[in-house]
Amino acid sequence: MSGVGGGRGAPSKWAVERFGRHAGRLAAVVPEALARAHARAHAAHLKARVKKRSPYGSTLAEAVRENLTDAALEVGEAVRDVRGYEYAVVNECLLFPYKYANRSRPLARARLAADASPTRRRLLLAHGPQPDGELFPLGEEQKPEKYEELHETFEELGAATRLVCLFFTANAEDGIHAIHWGDARLEPNRTFTWLHGEQLPVAPPCVE
């Protein structure tokens, strides 16, 4: 796991390998995109005037995706619709944003939610780093359909599209705490093994 990388100075070698000539721009834009998304989600939270089931989380997730797709289009790259959700794809790398905690928490403790959608699981399993062996100790003839489906790449993306994880923590009161991006493999227990990771700086708060 690398330390702070990108966003300040030249982009890292890893970032250039993933995003090509857009690496430096993305490293700078991603923190800004998350800050703007928080401002929008915070405004929705205040407008709702409720403590439980606040719209903050759902608004933040949608706003982050929208801001990232806008950034991809600005640099002449692609936006792909995957089961009704649009994702930024830069240099054949899909940016996969995921808020892994509501408070400041080490990246090593990130875990995929038990109720994560099949689309999210399939993106991670089919387009993310592949494990050395099988995720489940089943023979070829015993594999259920669900297992097979979760390991099939999305036609909308193509088999060549790689997934880059963009993990962060945030809440309505404090905003964005930390941002990480890199190559992460989903494990059977819903934890992640980071083959490479970098921490991006958090952008100053903005007002929606």
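Select helix α2, residues 23–48. This helix lies across β2 (85–90), β3 (93–101), β4, β5 and β6. Against β5, helix α2 runs at about 125°. Keep in mind that you are looking at a predicted model.

Hide the helices and look at the strands. The sheet is open and has 6 strands. Their order is β1-β2-β3-β4-β5-β6, and the pairing is mixed. Find the edges next: β1 (78–82) and β6 (192–200). Each has a single partner strand, so one side of each is left without a neighbour in the sheet. Turn the view to follow the twist, which averages 35° from one strand to the next.

Zoom in on β4 (residues 162–171) and β5 (residues 175–186). These two strands pair in the antiparallel sense, over 7 bridges. Where does Phe 167 find its bridge partner in β5? Select His 180 to see it.

Step back to Thr 161, in the loop between α5 (145–150) and β4. Is Thr 161 buried or exposed? Its relative accessible area is 7%, and buried means under 20%, so Thr 161 counts as buried. Show what is around this residue. Leaving aside neighbours within four places in sequence, Thr 161 is in contact with Val 89, Glu 92, Leu 94 and His 127. Of these, Val 89 falls within the range of β2, 85–90. Leu 94 falls within β3, 93–101.

**Salt bridges**

The structure holds 6 salt bridges.

Start with Glu 66 and Arg 40. They form a salt bridge, with the closest N and O atoms 2.7 Å apart. This pair links distant parts of the chain: Glu 66 is in helix α3, Arg 40 is in helix α2, and 26 residues separate them. Glu 66 is partly exposed, at 31% relative accessible area. Arg 40 is partly exposed too, with a value of 31%.

Stay on helix α3 and select Arg 65 and Glu 62. Their side chains meet in a salt bridge, 2.8 Å from N to O. The two residues lie 3 residues apart, about one turn of the helix. Glu 62 is partly exposed, at 30%.

Glu 156 is partly exposed, with a relative accessible area of 31%. Arg 83 is also partly exposed, at 45% relative accessibility.

**The whole chain**

Zoom out and colour by secondary structure. The chain has 5 helices and 6 strands. From the N terminus on, the elements run α-α-α-β-β-β-α-α-β-β-β.

Switch to the surface. The accessible surface comes to about 11,000 Å², and 48% of this belongs to carbon and sulfur atoms. Of the 208 residues, 47% count as buried.

End with the contacts. Among those with a separation of 6 or more, 64% are between residues 24 or more positions apart.

Note on methods. Residues numbered from 1 in each chain as written. Predicted model: local features only at pLDDT ≥ 70, side-chain atom pairs only at ≥ 80, totals over all residues. Heavy atoms only, no water. Pairing = 2+ DSSP bridges. Helix = DSSP H or I, 4+ residues; strand = E, 2+ residues; numbered from the N terminus. Axes fitted to C-alpha atoms, helices over the stretch in contact; angles between N-to-C directions. Contact = heavy atoms within 4.5 Å. Buried < 20%, exposed > 50% of the residue type's maximum accessible area, 1.4 Å probe, protein only. Areas by Shrake-Rupley, 256 points an atom, 1.4 Å probe, with all protein chains shown as cover. Salt bridge = Lys/Arg side-chain N within 4 Å of Asp/Glu carboxyl O.
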